[in-house]
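Biologist: I have a new model open and would like to learn how to read its features one by one. Could you take me through it?

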Amino acid sequence: MKKSKYPRLRTKVYRGVGGQSWSYYVYDMRGTGKPDVRLGTDYAKAVEQWRKLYEHLPLTLGRLQEAFDRWRERELPQYENLETRSSYERHLGRLEPVFGNAAWHEVTLPALRQYLDKRSAKTQGNRELSVLSIIWGKARLWGMTPLPWPAAGVKDWKNPEKARTFEVTDGLFAAVYEHADRILRDCMDIATATGMRITDARTVRMPVDGKLRFKAAKTGKWAFFEISQSPVLSALLERREASRAECVMLLATDTGREVTRTMLRDRWDTARERAALAYPKLAADIRSMYLRDMRKRAADLADDTDAASRLLQHSSVKLTSAHYRTRATKLKAVR
């Protein structure tokens with residue numbers, strides 16, 4: 001007897017009253033007391049479904065998990081920024097247990113709103129559903145669903161968010177800077193002088209011909225700074241060249257190693273805590289400050305909001321004003 005390559009995979013034919021016929025594939029459930037599982041009319045997809053049933057894997061075809069799996073495999077690796085990939089992976093891990101087994105028509109606007117209501121971290125809930133929206137759009141392109149995003153065209157359906165208005169004052173900056181080591185100080189100098197994100201400050205290469213060139217990891221935008229126009233960058237470069245560390249990065253250890261995220265995080269936590277203990281009156285604010293807030297300080301040090309927006313390479317001055325430029329505007333009395 002010839003052994004089937006795909007045991008239990010069967011073809012069935014449905015005949016209409018007018019003589020029409022349609023063929024489709026099923027997973028034969030005879031002997032189990034359960035009805036046959038329809039696998040559709042596409043052979044390749046039917047074989048994929050068969051494999052998951054035969055090997056007792058989760059059946060995802062026609063459900064959001066199918067899109068989650070493909071997006072994780074094909075789309076997520078294309079994000080160059082490590083922090084973005086990491087956060088998207090975390091968001092996906094939150095979405096899968098809730099929406100993975102759902103059929104597309106089961107994900108409605110009330111279902112999305114219910115997810116946000118039950119989510120304890122309200123802002124993170126918004127981010128997670130933003131990722132779901134991205135995946136939904138890809139699923140439509142892949143032909144997994146013809147349905148539009150359930151919240152398309154609906155305003156104010158997410159949790160309300162309030163922009164963080166923390167200001168890195170001269171005193172707060174000086175307190176941590178005082179207790180930081182050379183590597184952390186250099187990173188703080190790069191970030192506050194240029195407005196770079198910490199990832200870019202950590203990975204920017206040594207200047208060439210007096211220009212510090214970089215490509216923003218998050219946006220892909222190119223920019224450069226004239227070292228001679230910045231006393232902070234000029235002094236930093238002198239220190240860096242004096243160290244003779246053989247590393248292509250501007251920020252490097254004394255032995256020429258590239259500075260990692262973990263190195264910076266550990267140094268920041270240590271310096272911040274020492275500063276908090278040294279300045280009890282500022283302790284609460286010091287402990288509330290993040291290393292990424294150095295970008296906010298750069299925005300505040302700019303001449304005005306327009307200059308800050310250009311420095312941070314924002315596409316909108318409104319974004320700069322809402323989230324980065326926290327220093328009060330100086331006005332002149334008229335009489």
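This is a predicted model: local features need pLDDT of at least 70, side-chain atom pairs count only at pLDDT 80 or more; totals for chains, interfaces and linings use all residues.

Modeller: Gladly! Let's settle one term before anything else: helices and strands here are DSSP runs, a helix having at least four residues and a strand at least two, and they are numbered from the N terminus.

Biologist: Is Asp209 buried or exposed?

Modeller: Asp209 counts as exposed because its relative accessibility is 68%, and the cut-off for exposed is over 50%. Asp156 is exposed too, with a relative accessible area of 78%.

Biologist: Now to empty space. How does one go about finding it?

Modeller: The general idea is that rolling a probe the size of a water molecule over the atoms shows where empty space is left. In this model, the largest pocket has a volume of about 2100 Å³. It is lined by 47 residues, and the closest to its centre are Glu83, Arg127, Lys218, Arg292 and Tyr324.

Biologist: Which helix gives the most to the lining of the largest pocket?

Modeller: That is H3, with seven residues. Helices H3 (82-99), H5 (122-141), H8 (198-203), H10 (261-278), H12 (294-301) and H14 (317-323) each supply at least two residues of this lining. By residue type, the lining divides into 18 charged, 15 polar and 14 nonpolar.

Biologist: And what is the volume of the second largest pocket?

Modeller: About 310 Å³. Of its 16 lining residues, Thr203, Arg213, Phe214, Lys215 and Trp222 are the closest to the centre. Strand E4 (211-215) provides the largest share of the lining, four residues, and both H8 and E4 supply at least two. The lining of this second pocket has eight nonpolar, six charged and two polar residues.

Biologist: How many cavities of 30 Å³ or more does a search of the whole structure find?

Modeller: The search finds one, and the volume of the largest cavity is about 30 Å³. Lining this cavity are Thr194, Gly195, Met196, Arg197, Asp200, Phe214, Arg295, Leu311 and Gln313. Those residues divide into three nonpolar, three polar and three charged.

Biologist: Let's turn to aromatic rings. How should I read a pair?

Modeller: A pair of aromatic rings is described by the distance of the centres and the angle of the planes. This structure holds 11 aromatic pairs. One of them joins Tyr6 and Trp50 edge-to-face, at 4.9 Å centre to centre and 80° between the planes. The pair links distant parts of the chain, since Tyr6 is in the segment before strand E1 (9-15) and Trp50 is in helix H1 (residues 43-54), 44 residues apart. Both Tyr6 and Trp50 are buried.

Biologist: Why is the pair of Phe173 and Tyr177 stacked?

Modeller: Their ring centres are 5.4 Å apart and their planes are at 25°, so the pair is stacked; the cut-off for stacking is under 30 degrees. Both residues lie in helix H6 (residues 170-178), four residues apart, about one turn of the helix. Phe173 is buried, at 12% relative accessible area, whereas Tyr177 is partly exposed at 21%.

Biologist: Which residues form one aromatic cluster?

Modeller: Trp104, Trp136, Trp149 and Trp157 do. Tyr324 has charges over its ring as well: the charged end of Arg295 sits 5.4 Å from the ring centre, and that of Lys296 sits over the ring of Tyr324 at 5.6 Å.

Biologist: One last stop: what is Ile134 in contact with, leaving aside its neighbours within four places in sequence?

Modeller: Ile134 is in contact with Trp71, Tyr79 and Tyr88. Ile134 and Trp71 are 63 residues apart in sequence and 9.4 Å apart in space, C-alpha to C-alpha. Ile134 itself lies in helix H5 and counts as partly exposed, at 31% relative accessibility.

Notes: Residues are numbered from 1 along each chain as its sequence is written. Side-chain values use heavy atoms; hydrogens and water are left out. On a 1 Å grid over the protein atoms alone, a cavity is a set of points where a 1.4 Å probe fits but cannot get out, and a pocket is an open set with protein on both sides within 12 Å along at least five of seven lines; lining residues have an atom within 4 Å of a point. Grid points are joined across faces, edges and corners, and a volume is the space filled by probe spheres set on the points. Ala, Val, Leu, Ile, Met, Phe, Trp, Tyr, Cys and Pro count as nonpolar, Asp, Glu, Lys and Arg as charged, and the others, Gly among them, as polar. Buried means under 20% relative accessible area, exposed over 50%, partly exposed in between (1.4 Å probe, protein chains only). Contact means heavy atoms within 4.5 Å. Rings of Phe, Tyr and Trp (its six-membered ring) pair if their centres lie within 6.5 Å; planes under 30 degrees apart count as stacked, over 60 as edge-to-face and the rest as tilted. A charge sits over a ring if NZ of Lys or CZ of Arg is within 6 Å of the ring centre and within 35 degrees of the ring normal.
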